[in-house]
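Good morning, and thank you for coming. Please look first at the model on the screen, and then follow me through its main features.

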Amino acid sequence: MDRTSLHIAPKSLALEVVQFYTDLYMRRAFLSSVLPFNPDIILFLGDYFDGGDRLSDDEWQESLGRFRHIFNLNMIQKNSNIKVYYLSGNHDIGYSAFNSRKPEIIKRHEREFGARNFKVRIGEVDFIAIDAQTLDGHQRGDLTSSTWGFIKNTSKEISSTPRVLLTHIPLYRPDWTPCGSHRSSPIINQVNMLRSYHVDYALFFRYQNYVTKTSTNVLLDLIKPALVLSGHDHDQCTVTHTYNQGRATEHTLGTVSWQQGNLYPSFMLLSAKNSTVSDGKARDDDVYTDLCFLPMQTHIYIWYLSLFAMTLVIILLWPANEVRISRKLGNLMVPIRSVFKSLSNVVKEKNEDENCEYEEMWDAEGSMHLIKKTKKVSSTTVLNEGSSVERGNVVMRSKARKQTGLDVDGSSEDVSIHIGSARAQKSKARMMVRRLLRALRALMVIAAFNVPLYVLLVFKDWIDK
C-alpha cells in the first residue's frame, strides 16, 4: 500500500493507519506462518509495491524499507541460509508501453531484486523465471527481445530435470476467467479485455490480465514445464494447459495481503524432489505443492467491533449497569462467607442483647435466674413522624392560603403535583448523569487494561527480531 493505492491524501493519518495495519498483517503472517517451516528457498512472484513504477526515488526507497521490514529480509540475509528470489510484477516495473520509455525504472528494480529473467536449480528441479510484462511487447524492443532471447537459450539446454515456469502474469486461458471475484465482474472483464488488446503508437501493451494465446503456446513449447506458478490475480486457482509435448498445471497464487480484494490471503508450500529422472520425462511427484490459507483479518476486526458494541450495551443498558465489582464478586465469595460464619453469629448474639432486657427471678429454693425479655417498642418516633407530617401539611396550607388565596384543598394538590414532577425530573437527570459517569468509569477501567496490552502485542510483532 502507498499513496497510489487509495484515494487518500499522501502523508495523511488515514493512509499511515492503512499502511501500518496492512504491513503488520503481512509481517505477522510471515513470521508466524512461513518462517516456522524453515524453508530453504523463498520465491516472491512480484507486485511488491502498489505503485512501484510511479513512485519517485525517495518514495520507492521508503516502500523498499517497509518491504524489507515486513518480510524480515535484513535478518534473513545476514543470519540465515535461506535464499530469496524475486520476480518482477506489473506494479513494480509496469507493462511494455511504460517501461520501454522509462528504462530507469527497470534499472532501479534490477539493482535491488536482481535480473528479471533467471534460472535456478532447486534439488533436481529447474525453476525458470521470466519477465512476463515484456513478453507481448514490440519484438524490436530491447526488453522484449532480451526476454525471448533468454527463453530460447534456455530451451536449447538439454536436461533431464523437470522444469517449473515462474511468471507474474498468468498464461492464456480460453474462457478468460480470472481466479477470484476481484476481477470476475462481467463489466471489469470486458474492460480489461479491451485494455489487453489496446495498443498505442509504439505497439506496446498498456495492460493485460493474461499472456496472449500466441505467446503462451510458444512459451510452453519452448520451456516444456511440468508446473507453472503465477500471481497477478490476487486470488488463488488452478488450471491445466495442454501443449505439443505434454500438459502443465498452473497454480495462480493469491496475495498475502488482506487489503487487495481477497478475503482469504494465502501462500504456497512447495517441495522439490532430489532424485534425477532417467528417461527425461517429468513425473507427477517431482514437485509437491500445498496451498496454505491465512486468517481472515476483516472478520477479526468485525468481531472486535461487535465486542466493543456489546460492551457499550452491557454498560449502559444492563440492569446492573453500575458495574460495581463488589456486587459481581459477591456470588464468588460464598465459600469465604461460610468460613467467617461463626464470627457473624457472635455479632448477631450481641445485637440481640441490645434489643432485650433481663429480669431477676427467684425460685422456691432461693436461687436467682435471669430471664430475657424483649424491650417494648416506643411509639414516640411514629407519633413524631405523624405530627411532623401534619405540621407540614398545615404549614403548606397556610402558606398556600396566604400566597394565592385559593381553596386550601385545590392549592395543596397543585403545589404537590408541581413539586413531585420537579423532583422526578431532577431524580431522572441525576440518575442519567450517574449512569453515564459509571459507564465512563467502566470504559476507562477496561481501556486501562486493554490498551497497554494491545500496544505491547502490536509492537512485539512490529519490532525487528
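**Overview of the chain**

Of the 465 residues in the chain, 37% are buried, where buried means under 20% relative accessible area, exposed means over 50%, and partly exposed lies in between, with a 1.4 Å probe and protein chains only. This is a predicted model, in which local features need pLDDT of at least 70 and side-chain atom pairs count only at pLDDT 80 or more, while totals for chains, interfaces and linings use all residues. Residues are numbered from 1 along each chain as its sequence is written, and side-chain values use heavy atoms, with hydrogens and water left out.

The chain holds 15 helices and twelve strands; these are DSSP runs numbered from the N terminus, with helices being H or I of at least four residues and strands E of at least two. Turning to contacts, which means heavy atoms within 4.5 Å, I consider pairs of residues at least 6 apart in sequence: 65% of these contacts join residues at least 24 apart.

Let me begin with helix H2. The buried residues of H2 are Trp60, Ser63, Leu64, Arg66, Phe67, Arg68, His69 and Ile70. Just after H2, Asn72 has a positive phi of about 55°.

How do H1 and H2 pack, in angle and in distance between axes? The angle is about 35° and the axes are 9 Å apart. Here the axes are lines fitted to C-alpha atoms, for helices over the stretch in contact, and angles run from 0 to 180 degrees between N-to-C directions. On the H1 side, Gln19, Asp23, Met26, Arg27 and Phe30 meet Arg66, His69 and Ile70 of H2. These residues divide into three nonpolar, two polar and three charged. In this scheme Ala, Val, Leu, Ile, Met, Phe, Trp, Tyr, Cys and Pro count as nonpolar, Asp, Glu, Lys and Arg as charged, and the others, Gly among them, as polar.

**Salt bridges**

Side chains of opposite charge can pair when their charged atoms come close. A salt bridge here is a side-chain nitrogen of Lys or Arg within 4 Å of a carboxyl oxygen of Asp or Glu, and by this rule there are twelve.

One of them joins Glu62 to Lys11, with the closest N and O atoms 3.4 Å apart. This pair links distant parts of the chain, since Glu62 is in helix H2 (residues 57-70) and Lys11 is in the segment before helix H1 (13-34), 51 residues apart. Glu62 is partly exposed at 40% relative accessibility, whereas Lys11 is exposed at 61%.

Another salt bridge is formed by Arg28 and Asp461, whose closest N and O atoms are 2.6 Å apart. Arg28 lies in helix H1 and Asp461 in helix H15 (residues 408-462), so this pair ties together parts that are 433 residues apart in sequence. Is Asp461 buried or exposed? Asp461 is buried, with a relative accessible area of 18%, while Arg28 is partly exposed at 31%. Arg28, Lys460 and Asp461 are linked in a network of salt bridges.

**Asp126 and its surroundings**

Asp126 lies in strand E4 (residues 125-130) and is buried at 2% relative accessibility. Asp126 forms a salt bridge with Arg121, the closest N and O atoms being 2.8 Å apart; Arg121 is partly exposed at 46%. Leaving aside residues up to four places away in sequence, Asp126 touches Val120, Arg121, Ser159, Thr161, Pro162, Arg163 and Val164.

**Helices H7 and H9, and the record**

Helix H7 (residues 142-156) packs with helix H9 (residues 213-223) at an angle of about 35°, their axes being 8 Å apart. The contact is made by Trp148, Ile151, Lys152, Thr154 and Ser155 of H7 with Ser215, Val218, Leu219, Leu222 and Ile223 of H9. By class, six of these residues are nonpolar, three polar and one charged.

Finally, an unreviewed UniProt entry places the feature "transmembrane region" at residues 301-320 and 436-459; UniProt positions are given in the numbering used here, feature names are shortened, and annotations may be inferred rather than shown by experiment. In the model, residues 436-459 are 100% helix and 0% strand, with end C-alpha atoms 33 Å apart.
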